[in-house]
Amino acid sequence: MQVSLSQQPSAENSKQTPVSESLVQVMRDGITESRHRGHVVAVEPDGKIVASLGTPDAVTFLRSSAKPHQAIPLVASGAAARFGFTEKEIALACASHSGEEIHTETAAQMLKKIGLEPAVLKCGTHEPFSPEVSRRLREKAEEPNVLHNNCSGKHVGMLAVALHVGAPMDTYDSPDNPVQLVIGRAISQFSGIPLEDIAVGVDGCSVPTFGITVKAMALMYARLVSAPPEFDDRTRKSCQRIVSAMTSYPEIIGGTVDRLDTEMMRAAKGRLISKVGAEGVYTVGVLPCKEWPRGLGLALKIEDGDDHRARPTVVIESLRQLGVLKGDSLEAVSGYASFPVRNRRQEVVGEVRASFELNRIG
């Protein structure tokens with residue numbers, strides 16, 4: 001597995017740009033001022049598309065939506081059991097967390113269990129996603145550290161796998177390290193795409209990220225919440241533990257306040273797992289239920305990469321149309337379903353809202 005070298009698109013390739021659909025309108029005084037376009041796909045665990053818009057075969061990077069699947073080897077290899085990782089700690093390995101104390105302390109505890117220091121983490125540093133934590137750091141004239149990185153739990157999980165299987169720890173982030181190779185095989189298994197056909201790039205936290213179709217992303221989540229019978233027993237049990245960790249600790253996956261992943265899972269009360277990915281990617285796994293007895297995977301890509309006003313609007317509207325969010329659960333996330341457009345005096349002069357109907361199939 002190796003990082004793909006990017007090239008400028010040729011004239012021939014540019015003709016193959018996936019056709020997207022308008023998903024969100026930005027209205028000002030009754031006029032559509034802007035639109036966000038993209039792709040939405042919902043599939044069952046056997047790969048059957050049940051709803052879509054845009055191009056299901058559009059290829060993009062999973063980014064942080066890969067995290068629960070990047071954690072599969074942590075559980076399946078026996079590393080999580082060897083180091084005594086709790087469900088809360090497994091949840092952090094799947095998280096894009098806010099850098100709150102609950103997150104940094106959990107990451108530090110995980111490092112202690114595997115006998116390593118924060119300095120070994122290769123994810124880099126950034127301002128915590130939590131505005132409150134960032135404010136407190138500035139007030140104390142302190143710089144954020146590596147544990148504040150939203151990917152710190154994922155990186156500790158990768159180091160735990162490296163220790164468990166005897167892989168080189170100083171190159172755990174390299175595409176040819178055994179840790180990344182076993183993760184690549186997990187991505188292939190869940191997506192149904194041969195490993196050699198998966199594009200590999202470098203994520204913001206420096207580990208490999210995987211380029212696959214939006215349909216394959218949805219399939220990965222359908223299979224995570226409802227593992228097919230052909231998966232071996234160890235993988236199936238790993239899926240169950242990861243889903244349980246995410247639904248039991250939604251505040252670890254995102255944050256204690258104002259994080260879409262967390263609020264979605266709180267609202268659904270254990271009926272789905274939710275995971276953001278950078279550049280307008282979003283993925284959801286709906287556990288088997290009355291509406292979807294075999295489970296369901298949903299994935300979307302906002303074409304312009306918008307993470308704030310378009311992405312939450314589209315995922316909530318998609319799940320409403322699919323009968324997953326309704327009643328109290330829909331009301332609980334209504335603050336993310338549309339957004340007011342305000343002028344400088346904070347008067348409402350427009351709205352950001354969903355403007356699509358999924359094409360239902362079958």
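**Notes on a cavity and a helix pair**

1. The structure holds one cavity of 30 Å³ or more. A cavity here is a set of points, on a 1 Å grid over the protein atoms alone, where a 1.4 Å probe fits but cannot get out. This is a predicted model, where local features need pLDDT of at least 70 and side-chain atom pairs count only at pLDDT 80 or more, while totals for chains, interfaces and linings use all residues. Residues are numbered from 1 along each chain as its sequence is written, and side-chain values use heavy atoms, leaving out hydrogens and water.

2. How much space lies in the largest cavity? About 60 Å³, with volume taken as the space filled by probe spheres set on the points.

3. H2 (67-70), H3 (72-76), H8 (152-165) and H9 each give two or more residues to the lining; helices are DSSP runs of H or I, at least four residues, numbered from the N terminus. H8 supplies the largest share, four residues.

4. H9 (residues 178-191) also packs against H10 (residues 214-225), at an angle of about 90° and with the axes 8 Å apart. That makes H9 roughly perpendicular to H10, a label for angles of 65 to 115 degrees. Axes are lines fitted to C-alpha atoms over the stretch in contact, and angles run from 0 to 180 degrees between N-to-C directions.

5. Who touches whom? Contact (heavy atoms within 4.5 Å) involves Ile187, Gln189, Phe190 and Ser191 of H9, and Ala216, Leu219, Met220, Arg223 and Leu224 of H10.

Note on methods. Angles under 35 degrees count as roughly parallel, over 145 as roughly antiparallel, 65 to 115 as roughly perpendicular and the rest as oblique. On a 1 Å grid over the protein atoms alone, a cavity is a set of points where a 1.4 Å probe fits but cannot get out, and a pocket is an open set with protein on both sides within 12 Å along at least five of seven lines; lining residues have an atom within 4 Å of a point.
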